[in-house]
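Dear colleague,

I am handing over the structure that follows, together with some notes on what was found in it. Please read the notes with the model open beside you.

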Amino acid sequence: MDYNILIGGSAGQGVDTVGTFVEKALKRMGYYVFSNKDYMSRIRGGHNFTLVRFSDNPLCAHKDDVDVIIALNEETVRVHREKLTPNGKVVCDVAFGKEDDKNLNLPLKEAAKNAGNPKVMGSAAVGATLKLFGIQTAKLEEFLNEVYDGEILAANLKAVEEGYKMVDTIFQTTPPPGEDKHILINGNEAVALGTVAAGCTFYSAYPMTPATGIMSYLAKLQEDANIVVEQAEDEIAAIIMALGASYGGVRAMTGSSGGGFALMVEAMGFAGIGEIPLVVAEVQRPGPATGLPTRTEQADLKFIINCSQGEFPLMVIAIRDVQDAFYQTTRAFNLAEKYQMPVVIVSDQYLADYYQTVEPFDFSKVTIDRQLAGEEAINSDGVYRRYSLTENGISPRIIPGKIENQLVFVDSDEHDEEGHITESAQVRVEMVNKRMKKLEELKKELQEPVKVGEEKGKTLLVAWGSTYGPLKEATERLVSEGISVTSLIFGDIWPLPEKEFIELAKTAEKIVNIEGNATGQLKDIIRQQTGVNCVQSILKYDGRAFSSQELYNRIKGEVL
Amino acid sequence: MCEFKTFDTAWCPGCGNFGILKALKRALTELGKKPHEVVISSGIGQAAKTPHYISVNGFNGLHGRAVPAGAAIKIANKDLTVIVESGEGDTYGEGGNHFIHNVRRNVDIAHFVHNNQIYGLTKGQASPTTAKGQKTGIQTMGVLHEQFNPLAVAITMGATFVARSFSGNEEHLVSMMKAAIEHKGYALLDIMQPCITYNKVNTFKWYKDRVKPIDESYSPTDKFEAYKLAHQWGDDGIPIGILYKKEEPTYIDKIEFLKQGEPLVDRKLDPKNAEKYMADFR
């Protein structure tokens, strides 16, 4: 069983709210849910829609075909009709008036009026939709009771009930696999939850779509979790404040999207030469410049790994799904402090905004390993040196003010072991070597890409980040049809873990990169690092994410 | 009493920075501060080298960015005394946006701006405070823009401490620094200082002849009077002293969990504490 519901309307009509009702009702019934949003960069008007897919099996991607369209306006019917499956139906108000076999012209507005509030029309539509699938409304009512009270609650409940009575069940559903034990969370929220779990107490950012969701969720928790969430005057201040807080001794983070990150890059280099731990979330949207503010793309990879002038150690982790978003964020904080360097976690609008039912995160798996030094960091002459030269390039780090008479000096200039400005050729070389050695150390603990499909397939597909879900589903479908294919989806991406890829590349007949950009950025990085060329690319850069069906079709049509 | 050591500097002999550094050491010593309890955040420029020449904690960051860094250091650890040492290019030019918004933020830091009305390190271009009409190698027609008035801007933005001093008047400068450090909230101290190499107009003598301590009867509580004083300049005399001062809750005062209890840096961290937030996603 695998159904897909589309909720469409103009911004401000309640697409989001109706989407939440549908997904919460289904999720709490015990179904697996995957929902994603398609929205325009405007506050009112335009056309927005949410897709809510549900199944008795785990889901990791969205689907294009639609079984039910909840149309909050006439335009929704026009735009999406052709996506309907043969038995598909449109839940819409009688006002849309067109008589045909697809449109269920229901008295939704009237039901809302009878319920006492014309604004609850969406709830009547949700009631009708649940009935189409033969799904009880009890869980929806439970959810409505949690978020509303008084007259508005009563109106919503009444509307759901009215809507439910309007139609007959037409879709076959299997019972949910069990009681609901999952959480329904999106990528940004999972990053934010990871941030709190990791003990970050300072987050500064300037609002920018689609990264803002991280800040919004952290802001909601700020008083209870004792985390400072500062809306900075610009992205430059945001990252500098995070660096100041990190130097001051707390775990600190900033986040933005491509254009905002572009403003932060000088400070990224400062974090590198200053050896100040920092976690940055870069939630990509299509660029360049302002690009497509509310759409998705994976085109910042090369920019991120090459951010800032000069050379310095940097780690880049592409997150693959919401589980990964949580655990990799907590890992990023530990790595940033261990290696005293910036760590960028890369996401994108698709992953930032899609909701997925997943196992609750296991907080006992999260460790906070701050790697701070104590008195042992003081040298035999009684002086602490922030940048003392060590075997592995990592200098013991103490927090200013915490050890009597010891000073902590960080510097963006080239500096000596105490942090003071130097122009010595010898010290410059020693310091560059020291910093780059940390990268060699880091390479020993990189995580290899996730492998899906056959152990050693004839066709090797490589991808990164949020392409994971759609590609996993497409790969499994291909393998189930007897096609020999292996997919590698990179998470740790800079430095590039090479072992697994090189091993599989030896026997693969064809290597194809699949990316949400126009130039094949991962392909270039792989070739640069391993000397291996991907012979073919499947690329998408229309501002939308690959669906699994689309990938399946393109792999079959273009590659096999 | 603690000792703030002496280092070799990259400043020109006779530079006004020496007077400022000397006053800073005296101010910290007289306030009984210990070096490890003090952090100087600085950006780039000759003034920004100050933390290298005094034995305290230092955060020598990027051009124009000393103020947000200093503010965040204080938020992370409210036990530290945080001072920003900066030039007028660093603060009013490159960092102008941060200057404005940190006045609004009102974090408890002292901000000392070494204002010599010229870009010295880059060899003599106009700074935001160079007088209109003054010629330089770049401003060959003379400076076309209005001279930036940091004190008037700070007062207008609601700064809680606005003062001016002169590097050639050590006693005055020490007293202003002490008052700024002790003030609860963001404290701007604009310090007039000659650049002996590149500013041939605003020389030591030029300032000496014009600066005059604000009359003792002046009470720095009236915003309008302060604003008027901020506009006194040049041959009319340049008032030095505290122009404006008010008590307002600081950034940390306004956030209950920061105000109460130990500094953020000392809070115990436990991932398990965050587990409860998963209920938001049920």
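Is A:Lys451 buried, exposed or partly exposed? A:Lys451 is partly exposed, with a relative accessible area of 28%, where buried means under 20% relative accessible area, exposed means over 50%, and partly exposed covers what lies in between, with a 1.4 Å probe and protein chains only.

Before the rest, a word on how to read the values. This is a predicted model, in which local features need pLDDT of at least 70 and side-chain atom pairs count only at pLDDT 80 or more, while totals for chains, interfaces and linings use all residues. Residues are numbered from 1 along each chain as its sequence is written, chains are lettered from A and ligands numbered from 1 in the order in which they are written, and side-chain values use heavy atoms, with hydrogens and water left out.

Annotated domains

For chain A, UniProt has an unreviewed entry that gives residues 11–164 as "domain: Pyruvate/ketoisovalerate oxidoreductase catalytic". That stretch of chain A is 43% helix and 25% strand, and its end C-alpha atoms are 26 Å apart; helices (H or I, at least four residues) and strands (E, at least two) are DSSP runs, numbered from the N terminus. For chain B, an unreviewed UniProt entry lists "domain: Thiamine pyrophosphate enzyme TPP-binding" at residues 48–191, a span that is 34% helix and 19% strand, with end C-alpha atoms 14 Å apart. UniProt positions are in the numbering used here, feature names are shortened, and such annotations may be inferred rather than shown by experiment.

A helix pair in chain A

Helix 7 (residues 187–197) and helix 12 (residues 322–339) of chain A have axes that come within 8 Å and cross at roughly 30°, the axes being lines fitted to C-alpha atoms over the stretch in contact, and angles running from 0 to 180 degrees between N-to-C directions. The crossing of helix 7 and helix 12 of chain A is right-handed, that is, the near helix is turned clockwise from the far one by less than a right angle.

Leaving aside neighbours within four places in sequence, A:Gln328 is in contact with A:Ile317, A:Ile319, A:Arg320, A:Ile345, A:Gln447 and A:Asp492.

Salt bridges

Side chains of opposite charge can pair when their charged atoms come close. Over all chains the structure holds 59 salt bridges, each a side-chain nitrogen of Lys or Arg within 4 Å of a carboxyl oxygen of Asp or Glu.

A:Lys451 is one of the residues involved, and forms a salt bridge with A:Glu500, the closest N and O atoms being 3.5 Å apart. Because A:Lys451 lies in strand 16 (residues 450–453) and A:Glu500 in helix 16 (residues 499–507) of chain A, the pair ties together parts that are 49 residues apart in sequence. A:Glu500 is partly exposed, at a relative accessible area of 24%.

A:Glu418 forms a salt bridge with A:Arg385, with 3.7 Å between the closest N and O atoms. A:Glu418 is partly exposed, with a relative accessible area of 33%, whereas A:Arg385 is buried, with a relative accessible area of 16%.

In chain B, B:Glu94 forms a salt bridge with B:Arg65, the closest N and O atoms being 3.5 Å apart. B:Glu94 lies in helix 3 (residues 88–94) and B:Arg65 in the loop between strand 2 (57–60) and helix 2 (66–76) of chain B, so the pair ties together parts 29 residues apart in sequence. B:Glu94 counts as partly exposed at 40% relative accessibility, and B:Arg65 as buried at 8%.

A loop proline in chain B

B:Pro128 lies in the loop between strand 4 (110–115) and helix 5 (150–157) of chain B, and counts as buried at 19% relative accessibility. Not counting residues up to four places away in sequence, B:Pro128 touches several residues, including B:Tyr92, B:Tyr119 and B:Phe148.

Technical notes:
Contact = heavy atoms within 4.5 Å.
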